[in-house]
Amino acid sequence: MIAISDILLRLRSRLKDANYLDLRFSDGELIDNINMAASSLILEFKLNRAQKLKTLTQESPFLKVPHLLGILEAKFNNAPLRERTCEHRNTGPLALYVQGDNLSVTPFKEGHLGVAYSFFEPLSNFDESLPLPTMASDALLYGALALILEVPTEEQNPQKIGFYRNLAHQAKNQLALYLNRLYSTQVASKVIRI
C-alpha cells in the first residue's frame, strides 16, 4: 500500500510547489492525476484482481462490478466467453455484454457468469492509501508528474514531460522485474554470468 500523502509530498517537491500560501496545483488536481496514473499501472500490470460469480436470471440479468477497469477472463457456465460487446444482440454467438459496471451475456440466457477483472476505486482524500505495491511508487510518481505537466504552466513543460515519461518507463521496468520475481514459477535465473 502506498500512502497518497507521501506521493503528494514528492509531487509538490518535484513541481517546486511547496509554498502552501500560494499553491499552483490544488490537492484535488494532484489526486486526480495520481488516480489516472494508478489506473494506468493497474491496467498495464493487471493488478488489483478480483473475481465475481453470479447466477443470471430474468429477474436479475446483470452482474454488478463496481470500479471496473479491465476484464481478464469471463466464463459462462464454465465455458470461456471469447467475445465482448457493448451492444445487445438477439442472435449470434454468446458474448460478454458490458454496460459500464454491469456485465451480462448476449443473447441473454440464464446461467452462471464468472468474471476475473481489475478494478480501482479512485481516491478522493489525501489520507487514503493506494492499493499498489510500494515498488510502484516511482512509476506512479513519474507518471503523475508527466500528466500534471501537460497543463501549460511553463515553456519547458514539453521537455520535462519527456524527461518524466522516460523516468516513468524506467520505473515501470523495475516494477515489472519485481512482479516477475514475485510471481515467477522459475526457480533459477536465466542470466549467465561471465
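**The arginine and its surroundings**

Author: The side chain of R89 makes a polar contact with the side chain of E83, at 2.8 Å. A polar contact here is a pair of N or O atoms within 3.5 Å; within protein, one atom must be able to donate a hydrogen and the other to accept it, and residues adjacent in sequence count only if both atoms are side-chain atoms. This is a predicted model, in which local features need pLDDT of at least 70 and side-chain atom pairs count only at pLDDT 80 or more, while totals for chains, interfaces and linings use all residues. Residues are numbered from 1 along each chain as its sequence is written, and side-chain values use heavy atoms, with hydrogens and water left out.

The side chain of R89 also reaches the backbone oxygen of P93, again at 2.8 Å. R89 lies in the loop between β6 and β7; helices (H or I, at least four residues) and strands (E, at least two) are DSSP runs numbered from the N terminus. Apart from its neighbours within four places in sequence, R89 is in contact with E83, L94, A95, T106 and P107, where contact means heavy atoms within 4.5 Å. S60 is 29 residues from R89 in sequence and 18 Å from R89 in space, C-alpha to C-alpha.

Two of the contacts of R89, T106 and P107, are joined by a cis peptide bond with an omega of about -10°. P107 is found in the loop between β8 and β9.

The strands on either side of the R89 loop, β6 and β7, belong to an open sheet of four strands in the order β3-β8-β7-β6, with mixed pairing. Its edge strands, β3 (63-64) and β6 (84-85), each pair on one side only. Two strands pair if DSSP finds at least two bridges between them. Strand β7 (residues 95-99) and strand β8 (residues 102-106) are joined in the antiparallel sense by five bridges, and V98 stands opposite L103 in β8.

β4 and β5 form a hairpin with two residues between them; N77 in the turn has a positive phi of about 50°.

Two packed helices are described by the angle between their axes and the distance between the axes. Axes are lines fitted to C-alpha atoms, for helices over the stretch in contact, and angles run from 0 to 180 degrees between N-to-C directions.

The axes of α2 and helix α3 (residues 137-148) come within 8 Å and cross at roughly 125°. α2 and α3 are therefore oblique to each other; angles under 35 degrees count as roughly parallel, over 145 as roughly antiparallel, 65 to 115 as roughly perpendicular and the rest as oblique. Their crossing is right-handed, a term for a near helix turned clockwise from the far one by less than a right angle, with anticlockwise being left-handed. Among the residues that meet here are L30, I34 and L41 in α2, and L140, G143 and L147 in α3. By class, this contact has eleven nonpolar, two polar and no charged residues. Ala, Val, Leu, Ile, Met, Phe, Trp, Tyr, Cys and Pro count as nonpolar, Asp, Glu, Lys and Arg as charged, and the others, Gly among them, as polar.

Helix α2 (residues 27-45) and helix α4 (residues 157-183) have axes that come within 12 Å and cross at roughly 45°. α2 passes α4 in a right-handed crossing. On the α2 side S40, L41, E44 and F45 take part, and they meet K172, L175, A176 and L179 in α4. These residues divide into five nonpolar, one polar and two charged.
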